[in-house]
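Let us walk through this structure one piece at a time. Keep the sequence and the 3D view side by side as you read.

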Amino acid sequence: MPKTLFDKIWEAHEVAEGLLYIDLHLVHEVTSPQAFESLRLAGRKVRRPDRTLATADHNVPTDGSTSLPMVSDPLSRKQIATLEQNCEEFGVPVYSIGSARQGIVHVIGPEIGVTQPGMTIVCGDSHTSTHGAFGALAFGIGTSEVEHVLATQTLQQRKPKSMRIRYEGELGPGVTAKDLILGTIGRMGVDGGVGYVIEYAGPAIEALSMEGRMTVCNMTIEGGGRAGMIAPDETTFEWVRGREAAPEDFDAAVAGWRELYTEDGAEFDREIVIDASEISPQVSWGTNPAMVTDVTSAVPEPAGEGDARALEYMGLEAGTPIEEIRLDRVFIGSCTNARIGDLREAAEVIRGHKVASTVNAMVVPGSAQVKAQAESEGLDEVFRAAGFDWRSAGCSMCLGMNPDTLDPGERCASTSNRNFEGRQGRGGRTHLVSPRMAAAAAIEGRFVDIRNWS
Amino acid sequence: MEPINVVEGPVSVLDRIDVDTDQIMPKQFLKRVERSGFGQYLFFDWAKEPGWDLPKNPILVTGRNFGCGSSREHAPWGLEDYGFKAIVAPSYADIFYSNCTKIGLLPVVLPEEQVKAVMAAGEARIDLEAQTVTAGGESCPFEIDQETKRRLLNGLDDIGVTLLQDDALAAYEQGRERQGPVTTGLLQ
């Protein structure tokens with residue numbers, strides 16, 4: 001029987017029925033301390049420290065702090081210190097604050113090359129779906145499961161259902177991977193993917209860079225999907241080639257990776273076809289990522305349950321054109337859109353312009369390496385010259401666990417992934433957009449259609 | 001994990017859909033390195049709204065796609081610490097559902113109509129062994145994975161269960177060992 005990409009990876013990792021082997025376990029400071037503590041109490045070890053990699057990202061200040069004593073919040077400092085101590089005690093490699101390798105966990109995995117096709121990858125973080133862009137099976141887990149993987153390098157899992165989203169046509173000029181996935185979630189609903197592993201396919205996906213593919217897979221969880229994945233191809237292999245953790249016999253590895261595709265006639269539990277050429281630049285208007293519309297459109301009339309509450313929270317009236325929504329803040333960052341390709345796109349838009357006087361704008365590179373790369377290309381100067389605050393790497397204002405937060409009532413164009421109530425700061429109002437759209441919004445002080453803007 | 005079988009008593013109603021884990025347990029409380037004591041922070045911002053009423057009952061009844069968003073297990077920890085022993089909803093986000101079963105907080109899935117009936121009845125009796133929810137004189141069945149049910153009923157330690165298969169695990173690692181990537185060999 002013809003197999004899907006998902007079937008192939010699943011079957012290769014079944015230790016026994018319902019027990020899945022994990023090739024790579026990524027760890028960060030927020031969801032791991034209780035897991036390490038339980039291991040300690042039970043006298044258990046980390047089974048495969050050589051398949052485990054940790055970093056500090058959620059709590060780290062982005063003000064250039066390079067060591068623990070510089071972290072002013074005592075709770076954040078304690079949590080990062082706890083990660084460092086746990087990794088030391090259990091022999092787990094860690095890139096903590098100040099390391100040249102530190103960064104958002106879903107940025108550094110692909111960057112170092114430990115994220116590779118055909119792997120199973122987990123992390124105590126829902127955006128682990130990002131790594132599926134390489135043709136890996138990657139998904140988020142809770143702390144009890146983090147402990148389970150640390151102790152056994154496996155997870156007890158029932159095989160999820162499978163879905164394929166096939167995009168016909170091509171994305172229009174100025175329309176990005178972010179718009180593609182926001183538009184998809186808007187069509188499917190915030191729970192349309194619950195219970196499914198989703199394979200994205202079609203010419204619009206094949207045309208995306210690895211950064212774009214990561215953006216798409218990253219936001220799979222926002223539509224409820226367990227994992228998102230894309231079959232590896234030349235674009236994937238070229239990304240991995242030459243990275244530090246790339247296989248020594250690269251050609252042999254690629255030969256194996258070429259087998260990772262969905263065979264003709266393979267069956268999915270659900271298939272959806274979307275015309276990519278119909279997707280416009282997207283702007284979210286509500287308090288979940290399915291509450292999204294075209295930039296050329298207007299804030300919709302409340303139709304579904306929860307819409308009226310969302311509009312009230314967002315301080316928006318139905319019928320207001322999206323392009324008339326004025327902004328206080330712009331955030332370019334997060335595991336969704338803070339890779340070098342994202343920063344290049346945003347910099348291209350703002351080059352030679354100034355941030356509107358009413359807007360406070362910041363860029364937070366996804367990792368220390370992305371920051372260094374951007375600086376070597378002079379992108380930091382482009383952002384600074386325009387009036388952006390150029391920060392250090394971390395999760396930052398995607399969720400505001402560090403000092404980067406919105407004040408109550410502040411309205412923000414954000415390249416992150418969640419517009420939940422209070423996500424970026426209590427009472428803060430988040431509009432999800434692509435890096436290009438965020439950059440143009442920073443200049444104009446309101447949303448503009450990037451396709452017509454110059 | 002404590003064994004769980006019958007949960008009965010008054011229900012607390014949260015009649016909202018797509019409740020995300022950022023609402024259940026806001027980010028500022030994720031900085032704690034302890035596993036206990038999260039109940040006091042449950043729905044921290046929503047609890048300040050006028051008319052908010054969520055008594056500490058054994059059962060929470062709520063809308064579809066409960067627990068969406070972040071994978072933070074701090075959300076189920078908070079619900080359990082607050083006093084809930086079971087949740088009844090039309091559907092849950094995948095990671096949240098799994099997290100609940102790992103700590104012995106029973107997530108029950110019922111059709112929307114029956115969830116509304118449980119809300120209206122004000123109290124319920126959930127029998128995991130029999131896989132039934134009884135409320136307002138009506139009894140309706142619910143589905144649950146049989147292995148998950150066995151673990152909940154017996155309060156089993158998942159890691160202990162997996163390590164019973166240590167031979168299979170060792171054989172798998174020997175037979176299918178990957179060349180890499182090996183994280184311990186990376187530059188520091």
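Start with one pair of residues: A:H28 has A:T55 in β4(A) as its bridge partner. Keep in mind that this is a predicted model. Now widen the view. The bridge belongs to a pairing between strand β3 of chain A, residues 24-28, and strand β4 of chain A, residues 52-55. These two strands pair in the parallel sense, over four bridges.

Step back once more. β3 and β4 sit in an open sheet of five strands in chain A, with the order β5-β4-β3-β6-β7 and parallel pairing. Which strands stand at the edges? They are β5 (94-95) and β7 (137-140) of chain A. Each has a single partner strand, so one side of each is left without a neighbour in the sheet. There is a general point to remember when you look at any strand. In a regular strand, side chains alternate between the two faces of the sheet.

Chain A has another parallel pairing to look at. Strand β9 of chain A (residues 161-168) runs parallel to β10(A), and six bridges join them. Is β10 of chain A enclosed or open? Strand β10 covers residues 196-201, and five of its six residues are buried, so it is largely enclosed by the rest of the structure. A residue counts as buried here if 20 or more other C-beta atoms lie within 10 Å of its own.

Now turn to helices. Find α6 of chain A at residues 177-188 and α8 of chain A at residues 210-218. Their axes are 8 Å apart and meet at an angle of about 20 degrees. Angles under 35 degrees count as roughly parallel, and α6(A) and α8(A) are therefore roughly parallel to each other. Their crossing is right-handed. Which residues make the contact? From α6(A) come A:A177, A:K178, A:L180 and A:I181; from α8(A) come A:G212, A:T215 and A:V216. By class, this contact has four nonpolar, two polar and one charged residues.

Next, follow chain A to a loop. A:G378 lies between α13 (368-376) and α14 (379-386) of chain A. Is this residue buried or exposed? A:G378 has 11 other C-beta atoms within 10 Å. The cut-off for exposed is 12 or fewer, so A:G378 is exposed. Look also at A:A347. A:G378 and A:A347 are 31 residues apart in sequence, and their C-alpha atoms are 9.8 Å apart in space.

Now bring in the second chain. Chain B has 188 residues, and buried residues make up 43% of them. Seven helices and seven strands are found in chain B. Along the sequence, they follow the pattern β-α-β-α-β-α-β-α-β-β-β-α-α-α. The C-alpha trace of chain B spans about 60 × 40 × 25 Å along its principal axes. Take the contacts in chain B with a separation of 6 or more: 70% of them join residues 24 or more positions apart.

Finally, see where the chains meet. How many residues of chain A are in contact with chain B? There are 63, and they touch 48 residues of chain B. Several elements give two or more residues to this side of chain A, including β1 (14-16), α2 (33-42) and α3 (74-90). The largest share, seven residues, comes from α5(A). By class, this side of chain A has 21 nonpolar, 26 polar and 16 charged residues.

Terms used. Residues are numbered from 1 along each chain as its sequence is written. Chains are lettered from A and ligands numbered from 1 in the order in which they are written. This is a predicted model: local features need pLDDT of at least 70, side-chain atom pairs count only at pLDDT 80 or more; totals for chains, interfaces and linings use all residues. Two residues are in contact if their C-beta atoms, placed from the backbone, lie within 7 Å. Two strands pair if DSSP finds at least two bridges between them. Ala, Val, Leu, Ile, Met, Phe, Trp, Tyr, Cys and Pro count as nonpolar, Asp, Glu, Lys and Arg as charged, and the others, Gly among them, as polar. Axes are lines fitted to C-alpha atoms, for helices over the stretch in contact, and angles run from 0 to 180 degrees between N-to-C directions. Angles under 35 degrees count as roughly parallel, over 145 as roughly antiparallel, 65 to 115 as roughly perpendicular and the rest as oblique. A crossing is left-handed if the near helix is turned anticlockwise from the far one by less than a right angle, and right-handed if clockwise.
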